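I had some time at the screen today and kept a few notes. Here is the entry I am working from.

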Amino acid sequence: MVPWTCPVCRAALGPYGLDAVQEAHCPSCRASLRGQVFAAWWTPEKIESKLDRALEGEAVCFFHPSNRAALACDACGRFICTICDLPVGARHLCPVCLSKGLGKEKLPEIIPRRFLWARTGLAFGILPIICLVWPMWVISGGTAVILAIISWWRPVSLVRGRQRWAAILAIVLGILQIAGWFGFILLISYSKNNSGK
Amino acid sequence: MSTPTHVYRKLRGGGFSWKGHGRLWRAEDHLLEVTSIYVSESYRRFFFQDVRAFIVQRTNLRAIWAAIFGGVGTVCALIASATWWAGISNSSEDWHVALYIPTALFGLAALVFLVLCVINLSLGQTCRCHVLTSTGWHALSAPTRVGKANHTQAEIISIVQAAQGPAPTAGPPPL
Ligand SMILES: [Zn+2]
Ligand SMILES: [Zn+2]
Ligand SMILES: [Zn+2]
């Protein structure tokens, strides 16, 4: 059984009353803790070291023809043995499907991070306008438009989905910045010409 | 290959840390922790089958933030009143109007810190949630207030118990 430790100081905890409502203190770091322990804490780790040799007529692993099939891959359906079984979240995959999923970020269960293209474009669209740094507008506006266009095909936030409005707003603000930059340039050259006369 | 896309539902309560803004979402079979720095999001998953314990740790961050906001706000208010008083007592001089500029700036800053202090106090006690899985303890980036954490805790207890069945013995874990 795994040792029961304090989540804050990792000291082994004595048998004190952990309760979902009533707080108790860690004897080592005095942290005020309350909570719940679940059934999974008592169940020992599933260590399936024993390999089942397949008997005559039994389904065998696609990758190990001498091993008995334990289950089927949830993605491609191939029979796999306990060695080839790779649990990904709640699903079981074969090594081929897992590496395919890793390569192109197709498995939502293993994505660790997402860059949000449309939101970044929107930041480039809004911030330079708020900060009134107009000499930069031709660069920041162009960046906003490019990021928003790229965002159309790029992966999106797992929880918020594709935010098209952010991309459209970024394009509009980006074009406004570029137009504003050319406007200022025209204004400056016009006033210079006039004062030169 | 088939790619199941999960439908996520937002849980109550967020939290700020140096890693960004944290938020919990739940899918059918797992809890997703999203830490956002606006331009990108990072994810951690806790599968209900794998959750061994959930603990709420009460912290005293609320008192620390209250002291910081209150202290800085008080200093700003003192500077504002000092410059205002200096302006009034030199009202015969031409330059006394210039003293009202720091009065306005520090007065505004004092007001901002007062509002932050009131918001911090009204959000309730601070806390930190921890999840124990087969890989050990994981501190969550949200929720960070006790009121929201109570909702999260109740929800997680009911989902995890539904997924795993009741614990073999009631009460604290045996040692
Ligand atoms: Zn401790
Ligand atoms: Zn497969
Ligand atoms: Zn195999």
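I began with the charged pairs between the chains and found two salt bridges between chain A and chain B; a salt bridge here is a side-chain nitrogen of Lys or Arg within 4 Å of a carboxyl oxygen of Asp or Glu. Arg58(B) makes a salt bridge with Glu23(A), and their closest N and O atoms are 2.7 Å apart.

A note on the ground rules: this is a predicted model, where local features need pLDDT of at least 70, side-chain atom pairs count only at pLDDT 80 or more, and totals for chains, interfaces and linings use all residues. Residues are numbered from 1 along each chain as its sequence is written, chains are lettered from A and ligands numbered from 1 in the order in which they are written, and side-chain values use heavy atoms, with hydrogens and water left out.

Which element gives the most to the side of chain A that touches chain B? I found that S2(A) does, with six residues. By class, I noted 32 nonpolar, ten polar and 13 charged residues on that side of chain A. Ala, Val, Leu, Ile, Met, Phe, Trp, Tyr, Cys and Pro count as nonpolar, Asp, Glu, Lys and Arg as charged, and the others, Gly among them, as polar.

For the whole contact (heavy atoms within 4.5 Å), I wrote down 55 residues from chain A and 49 residues from chain B. The two chains bury about 4700 Å² between them, 60% of it on carbon and sulfur atoms; buried area is the accessible area (1.4 Å probe) that two parts lose on being put together, summed over both.

Then I checked the backbone. Most residues other than glycine have a negative phi, and most peptide bonds are trans. Arg30(A), not a glycine, has a positive phi of about 65 degrees. A cis peptide bond joins Ala142(B) and Pro143(B), with omega about -10 degrees. Pro143(B) sits in the loop between strand S7 (136-139) and helix H3 (146-164) of chain B; helices (H or I, at least four residues) and strands (E, at least two) are DSSP runs, numbered from the N terminus.

Last, I counted six salt bridges over all chains.
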